[in-house]
Amino acid sequence: MTAELIRRQLTGSQLTRRQILGMAALQTAAALGFTRVGLQSARAAEPAAVESAPAVVVGSGYGAAVAALRLGQAGIRTVVLEMGRLWNTAGPDGKIFCSTADPDQRSMWFRTRTEAPLASFLWLDVVNKDVGLYPGVLDRVHFDHMSVFVGRGVGGGSLVNGSMAVTPLPSWFAEQFPTVDATEMYATYFPRARAMLGVNTVDPAWFESTEWYRFSRVSRRHAANAGLRTTFVPSVYDFAYMQREAAGTATKSALGQEVIYGNNHGKKSLDKTYLASALGTGNVTIHTMEKVRGISRASDGTYLLTADRIDGTGKVVETRQYGCTYLFLGGGSLGTSELLVRARDTGTLPALDGSVGAGWGNNGNVMLGRANHLWDTVGANQSTMPVMGIDDWANTANPVFAEIAPLPMGLEHWVSLYLAITKNPQRAAFTYDAASGGVKLGWSAAQSAVSSGMAKKLFDRINAANSTLYRYDLFGSSNKVFADDFTYHPLGGCVLGKATDDYGRVKGYSKLYVTDGSLVPGNIGVNPFVTITALAERTMARVLVEDTAP
Ligand code: FAE
């Protein structure tokens with residue numbers, strides 16, 4: 001597909017020339033089945049025994065995408081290594097992604113059955129489906145008392161998330177990052193991140209009138225009855241597109257039950273923004289289906305990475321070595337923590353700080369449902385993109401920010417669903433597990449109970465004010481009300497100012513950086529990707545000036 005064709009397809013969106021070139025590269029690579037994407041992908045030579053580049057970026061989520069773009073713009077040749085696939089080719093049904101309601105092999109990362117957060121309805125096992133083994137877009141990584149949802153593929157979490165693009169209140173941010181200049185963050189890096197990510201807000205008039213957000217309006221009224229305030233939250237889903245979906249003039253995505261297994265339209269995921277621009281610089285190549293498993297340092301101070309290339313069945317078909325001067329880790333809280341804990345504890349990077357692996361938290365996540373009265377309908381039609389939250393964070397006795405979540409089943413179910421972010425101070429650490437070669441997470445059920453206790457206090461108030469009850473049927477057969485054993489928001493493991501300096505430079509090593517969610521100390525009070533992106537912008541602005549000068 002030519003750049004001109006892409007430009008015409010995307011008429012109306014503000015694409016730069018670089019993004020257009022980058023998107024053309026993504027399209028070409030997909031069409032030809034390449035696992036390497038770059039402006040030179042069609043001409044890529046056979047790799048040498050050790051493939052060297054000045055810079056390597058691990059992962060392609062938010063932190064990684066920022067690093068790749070800014071390195072590429074600085075003229076530094078950069079290789080991005082991503083373990084998931086490039087999501088740019090339609091399946092036999094003509095769609096790139098499958099819907100949440102009708103999942104197939106594209107849904108989950110090498111599973112034979114989906115593992116959706118909401119497990120049941122009326123206690124019936126009707127939500128999850130058998131699927132074929134495939135490098136699908138959503139992974140659920142299980143630890144002893146906590147499982148973590150993450151996106152897999154070019155774009156990381158941006159491919160599967162709910163698009164909520166929330167900037168934390170300066171006071172919350174300052175509490176978590178006391179050594180970061182908050183004034184500079186709010187004047188420069190948060191605005192830069194929001195502009196690059198394409199953040200927009202729902203038209204309030206449309207919100208008040210459309211059937212697709214009836215569920216939010218009902219929850220807002222119930223919160224108000226308990227004296228609680230709600231707030232709109234911005235999004236990277238294009239609301240102009242959503243309004244066309246509602247009008248029947250655009251193919252439905254958010255209004256077509258698409259979200260956690262990917263959106264075929266409307267969402268400005270990273271492959272449409274940062275990564276397209278990064279590829280457009282001509283200096284960035286993305287290698288897909290390559291999982292970095294080892295990092296060491298050569299005697300000349302350069303880094304050596306070992307990466308396994310897998311095929312569509314998950315089989316390792318090749319092991320590759322990469323060498324680089326600058327190494328940026330953007331594998332997310334789980335990916336980066338695992339790589340660094342393993343490197344420290346197997347002795348390949350022995351000077352890493354003792355705090356590597358520590359400071360992990362689940363952003364206080366708890367999911368729950370309330371049962372509404374029969375006359376209080378939430379609507380059969382629900383947009384998958386949340387746009388409103390109950391904001392009780394200022395309540396110092398019990399700070400909670402609860403996203404009003406959709407439950408789009410295509411039928412009236414009278415359920416109000418929420419993903420609460422509680423100010424849970426509990427933290428845990430990753431430790432190396434020599435038997436498996438992976439890491440364990442020392443999170444306990446008691447630590448989760450702190451989050452659900454806080455969510456209960458808030459929602460008991462809402463239930464009391466509205467004479468409503470909790471739903472007991474949504475999280476399996478055990479009558480569980482508060483799903484506090486999974487998170488969408490893994491944070492920490494390589495905390496800024498502890499395992500790194502105040503700019504993400506890893507302690508003990510030069511030219512080794514962390515740019516992802518592992519820098520955030522366990523809880524940021526809101527959905528985290530805007531914060532992760534802005535911090536990565538701040539790191540890159542500093543590093544490119546101070547560390548790469550000749
Ligand atoms: P992330 O986006 O996870 O990217 C890491 C990438 O690195 C992935 O593509 C991995 O496949 C790859 N990777 C990992 N290890 C390796 C390795 N060893 N070798 C090669 N590649 C590797 O990292 N946040 C919000 O702010 N708003 C929302 O509405 C929201 N909704 C969410 C809904 C769901 C279902 C999920 C799962 C998450 C949601 N999040 C949301 C969280 C958000 O997506 C997450 O905080 C960011 O994606 C984290 O960004 P990172 O750059 O840390």
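# A guided tour of a predicted model

**Helix 3.** Begin by selecting helix 3, in which Tyr62, Gly63, Ala64, Ala65, Val66, Ala67, Ala68, Leu69, Arg70, Leu71 and Gly72 are buried. Please keep in mind throughout that the structure on the screen is a predicted model. Helix 3 covers residues 62-73, and 11 of its 12 residues are buried, so that the helix is mostly covered, where buried means under 20% relative accessible area. From the first C-alpha to the last, helix 3 reaches 17 Å, which is close to the 16 Å expected at 1.5 Å a residue.

**Thr288.** Now select Thr288, which is found in the loop between strand 7 (284-287) and strand 8 (290-297). Is Thr288 buried or exposed? Thr288 has a relative accessible area of 3%, and it is therefore buried, since the cut-off for that term is under 20%. To view its surroundings, display Thr35, Glu82, Gly84, Arg85, Leu86 and Val154; Thr288 is in contact with these residues, leaving aside its neighbours within four places in sequence. Along the chain, Phe34 and Thr288 are 254 residues apart, yet their C-alpha atoms are separated by 8.6 Å.

**The cavity.** How many cavities of 30 Å³ or more does a search of the whole structure find? The search finds 1, and the volume of the largest cavity is about 30 Å³. To locate the largest cavity, select the residues that line it: Phe97, Ser158, Leu159, Asn263, Lys267, Ser269 and Lys272. Colouring this lining by residue class shows 2 nonpolar, 3 polar and 2 charged residues.

Continue to residues 487-536, where an unreviewed UniProt entry places the feature "domain: Glucose-methanol-choline oxidoreductase C-terminal". The end C-alpha atoms of residues 487-536 lie 22 Å apart.

**Helix 12.** Finish the tour by selecting residues 529-546, which form helix 12. This helix has 18 residues, and its reach from the first C-alpha to the last is 26 Å, close to the 26 Å expected at 1.5 Å a residue. How many residues of helix 12 are buried? The number is 13 of its 18 residues, and helix 12 is thus described as mostly covered.

Key: Residues numbered from 1 in each chain as written. Predicted model: local features only at pLDDT ≥ 70, side-chain atom pairs only at ≥ 80, totals over all residues. Heavy atoms only, no water. Helix = DSSP H or I, 4+ residues; strand = E, 2+ residues; numbered from the N terminus. Expected span 1.5 Å × (residues − 1). Buried < 20%, exposed > 50% of the residue type's maximum accessible area, 1.4 Å probe, protein only. UniProt positions renumbered as here; feature names shortened; annotations may be inferred. Contact = heavy atoms within 4.5 Å. 1 Å grid on protein atoms, 1.4 Å probe; cavity = no way out; pocket = protein on both sides within 12 Å on 5 of 7 lines; lining within 4 Å. Points joined across faces, edges and corners; volume = space filled by probe spheres on them. Nonpolar A, V, L, I, M, F, W, Y, C, P; charged D, E, K, R; others polar.
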